[in-house]
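Q: Please take a close look at one part of this structure with me. I am new to it.

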Amino acid sequence: MTDPANPIDEPPHSLTDPREMLDAYLDYYRAVVLRKLDGLSEDELRTSRLPSGWTPLELLRHLTFVERRWLRWGFLGEPVDAPWGDRGPDDRWQVPDDLPAAAVRERFEEQCAWSRAAVAGIPLDRRARTGGRFATEADAPALGWILFHLLQEYARHAGQLDVVRELADGAVGE
């Protein structure tokens, strides 16, 4: 994105295993999101350029909570504190003023690493546990559905960041 000489490579077109593709594209879009934020100052990360008002840093924190909601609380059924903690009283994304951008990024990277390890080797057809996000087995989606949902969420938000970054400093591309 900001350094055309060092692009992020899309997963190889030689991949044919659906699980390998899903995992590779999730990691690809996780990296794209971070790359789009590289080089923005703390102030730029906390500034919105859109009528809806969200900031790049709020989006990154949102994605941290998305991973946590869908995989820890959702798929594994573990209790989590404040599963919707990325939202403020007005239901908008928020980042506390005293939480530095570097800490938001670190928490995102930690959550992604945890997510990757937590689902490694688990078959895509395994259903989410009940007792966390999902009350009944009928509500509990399969891991494949959850990972595909995460992938589309990342792809959508990466596209939104394309626009935000271009508005911020003219940088385009992945």
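Is R165 buried or exposed, and what is its relative accessible area?

A: This is a predicted model, where local features need pLDDT of at least 70, side-chain atom pairs count only at pLDDT 80 or more, and totals for chains, interfaces and linings use all residues. Residues are numbered from 1 along each chain as its sequence is written, and side-chain values use heavy atoms, with hydrogens and water left out.

R165 is buried, with a relative accessible area of 3%. Buried means under 20% relative accessible area, exposed over 50%, and partly exposed in between, with a 1.4 Å probe and protein chains only. R165 sits in helix α5. Helices are DSSP runs of H or I, at least four residues, numbered from the N terminus. The R165 side chain reaches the backbone oxygen of D38 at 2.7 Å.

Take F75. Leaving out residues up to four places away in sequence, F75 touches W70, V119, I122, R126, R127, A128, R129, F134, L143 and I146. Contact means heavy atoms within 4.5 Å.

For contrast, turn to H13. H13 lies in the segment before α1. H13 is exposed, with a relative accessible area of 82%. The C-alpha atoms of H13 and E166 are separated by 28 Å.

Technical notes. Helix = DSSP H or I, 4+ residues; strand = E, 2+ residues; numbered from the N terminus. Polar contact = N/O pair within 3.5 Å; in protein donor to acceptor, adjacent residues only side chain to side chain.
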